[in-house]
Amino acid sequence: MSTAYILSIFTIVIIGMILLITKVKLHAAISILIASIGLGIGLGTPWEELEETINSGFAGTIKSIAIVIVLGCILGKVLEETGAAYQITNYALKLFGEKRVIWAIGFSSLILGIPIWADTVVILLIPIVSLLAAKTGKSMMAYGTALYLGALVTASLVPPTPGPIAAAGLLGVSLADAIIWGLIVAIPSAFMAVLYCNTLDEKVLPKEEYLHTDIFLNKKLPSLASSISPIILPLVLIILNNIVNALLPGTEVANLFAFIGSPLAALLTGCIFSLVLTGKEWKSKKVLNDWVEDSLRSAAMPIVVTGMGGVLATFIKNSGVAEEIAELVVSFNIPGIIIPILIAALIHVITGSNALGVMTAAALVQPMLDSLNISPLAAFLCCATGALMFKHTNSSGFWVTVTMSNMDARQGLKSVGIASTIAGLTGAIITIILYAAGII
């Protein structure tokens with residue numbers, strides 16, 4: 001089978017997948033499945049092996065991440081419903097002071113984006129951000145965009161949100177490494193985005209409906225320590241596992257931490273501890289059943305899409321198309337580190353979903369790692385930062401932010417579109433520097 005034929009089939013299949021998602025509006029999971037089958041058939045996979053390849057690719061991908069994604073969604077749900085997200089924001093406002101409100105918004109959003117979808121962070125906090133804009137006389141172009149961008153950056157780079165969990169699983173990156181390096185890249189990326197937001201002074205008033213909300217006055221908020229502990233505790237356990245196993249390998253203590261510091265046990269601990277936030281309601285059906293059911297619905301999509309991404313990766317790996325693409329890249333003298341960034345950015349710009357951009361790019365890049373001569377960690381950071389670039393009108397997050405911040409489409413492109421690109425470019429540059437220095 002010639003190189004030209006392999007690359008032609010691969011290109012046709014990927015373009016077809018993107019068209020199914022963007023034009024036909026077919027769900028990403030089914031679109032990726034159809035693309036995977038098409039790639040398998042086009043590249044000569046025996047008919048009798050197609051189903052087994054699909055099943056093994058799907059199961060092999062989700063086996064280590066499905067429960068973790070579910071637990072992450074449950075944790076985010078508890079933080080949303082109990083007012084913990086509001087408390088973290090209130091503390092950030094006190095910490096930064098009235099003159100630096102935009103940095104308080106960006107900081108609290110950055111933290112909340114770790115367990116909660118970026119769109120949800122905007123919906124949760126837009127009333128308090130609108131009140132702050134009215135009080136300080138600042139534009140909602142600045143405040144609304146900063147609110148979205150902080151969460152968007154960590155939702156793309158730092159587990160346990162589904163996108164980075166899925167990408168880490170696909171690429172074989174430990175969650176401890178994904179969290180630590182994701183934060184290292186996320187913080188300056190968000191900083192540069194908020195710095196840009198601070199320059200947006202075109203007058204956009206907050207929506208009147210958010211200026212009369214009493215949600216923050218009537219709701220008894222949990223303490224700051226109990227609000228932030230369910231986020232911090234799993235991260236600490238995962239990192240401690242790495243430290244203990246490095247210092248005391250093979251010991252009983254290390255073996256114990258290998259479990260309690262595993263992503264599954266650490267997130268389960270965070271979920272159990274988060275019951276403190278519910279007060280006397282912790283035993284109620286609403287908390288123990290209804291919130292869990294809502295979380296399962298939220299988790300289903302990223303789990304299935306990730307599994308389908310694993311199917312596509314399996315067909316790519318079996319076909320040898322990864323090596324062909326890598327050779328083509330080398331012939332054009334394109335550095336291997338650039339490829340995951342470009343793929344993730346392209347998928348994100350076309351589909352509008354940064355989670356889909358991270359996951360799909362990881363699935364496409366994983367079989368190419370050896371040929372591109374990049375580490376799984378470098379590829380993870382490349383996919384996550386590339387998937388941040390140019391959030392625009394085909395994105396639900398774009399419209400949630402723009403409409404709730406009282407902006408029009410032009411203002412949204414100027415604010416959200418450019419700020420997201422700045423965040424993505426900053427993260428990509430940092431990743432390239434870390435790679436060139438031999439650190440990742």
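## Cavity and pocket

The count comes to one cavity of 30 Å³ or more. In this predicted model, local features need pLDDT of at least 70 and side-chain atom pairs count only at pLDDT 80 or more, while totals for chains, interfaces and linings use all residues. Residues are numbered from 1 along each chain as its sequence is written, and side-chain values use heavy atoms, with hydrogens and water left out.

A cavity is defined on a 1 Å grid over the protein atoms alone, as a set of points where a 1.4 Å probe fits but cannot get out. Lining residues have an atom within 4 Å of a point. Grid points are joined across faces, edges and corners, and a volume is the space filled by probe spheres set on the points. The largest cavity holds about 80 Å³ of space. Its lining consists of 13 residues, and Pro159, Pro160, Pro234, Leu235 and Leu267 lie nearest its centre. Helix H10 (175-197) and helix H12 (224-247) each supply at least two residues of this lining; H12 gives the most, with five residues. Helices here are DSSP runs (H or I, at least four residues), numbered from the N terminus.

A pocket, by contrast, is an open set of points with protein on both sides within 12 Å along at least five of seven lines. The largest pocket has a volume of about 570 Å³. Of the 29 residues that line the largest pocket, Met301, Gly352, Ser353, Ala355 and Ser396 lie nearest its centre. Two or more lining residues come from each of helix H7 (118-136), helix H8 (140-157), H15, helix H18 (354-365) and helix H21 (396-404).

Helix H3 (residues 47-62) has 16 residues and reaches 24 Å from its first C-alpha to its last, close to the 22 Å expected at 1.5 Å a residue. That expected span is 1.5 Å times one less than the number of residues.

The buried residues of H3 (under 20% relative accessible area, with a 1.4 Å probe and protein chains only) are Leu50, Thr53, Ile54, Gly57, Thr61 and Ile62. They cover an arc of only 130° around the axis, which puts them on the same side of H3; the arc is that of the directions from the helix axis to the C-beta atoms. An α-helix has 3.6 residues a turn, so residues three or four places apart point the same way. The buried residues of H3 pack against helix H2 (28-42), helix H4 (66-82), helix H9 (162-171) and helix H15 (285-319), where contact means heavy atoms within 4.5 Å.

## The nonpolar core

A nonpolar core is a set of buried Ala, Val, Leu, Ile, Met, Phe, Trp, Tyr and Cys residues joined through side-chain atoms within 4.5 Å. In the largest such core, of 150 residues, Leu39, Tyr143, Leu157 and Phe380 touch the most other members. Not counting residues up to four places away in sequence, Phe380 touches Leu157, Pro164, Ala167, Ala168, Leu171, Val173 and Ala178.

## Buried residues in other helices

Leucine 381, in helix H20 (residues 376-386), counts as buried at 0% relative accessibility. Its C-alpha lies 9.8 Å from that of valine 158, although leucine 381 and valine 158 are 223 residues apart along the chain.

Serine 415 belongs to helix H22 (residues 409-436) and is buried, with a relative accessible area of 0%. Leaving aside neighbours within four places in sequence, serine 415 is in contact with Met141, Thr145, Tyr196, Leu200 and Met407.

How values were computed
Buried means under 20% relative accessible area, exposed over 50%, partly exposed in between (1.4 Å probe, protein chains only).
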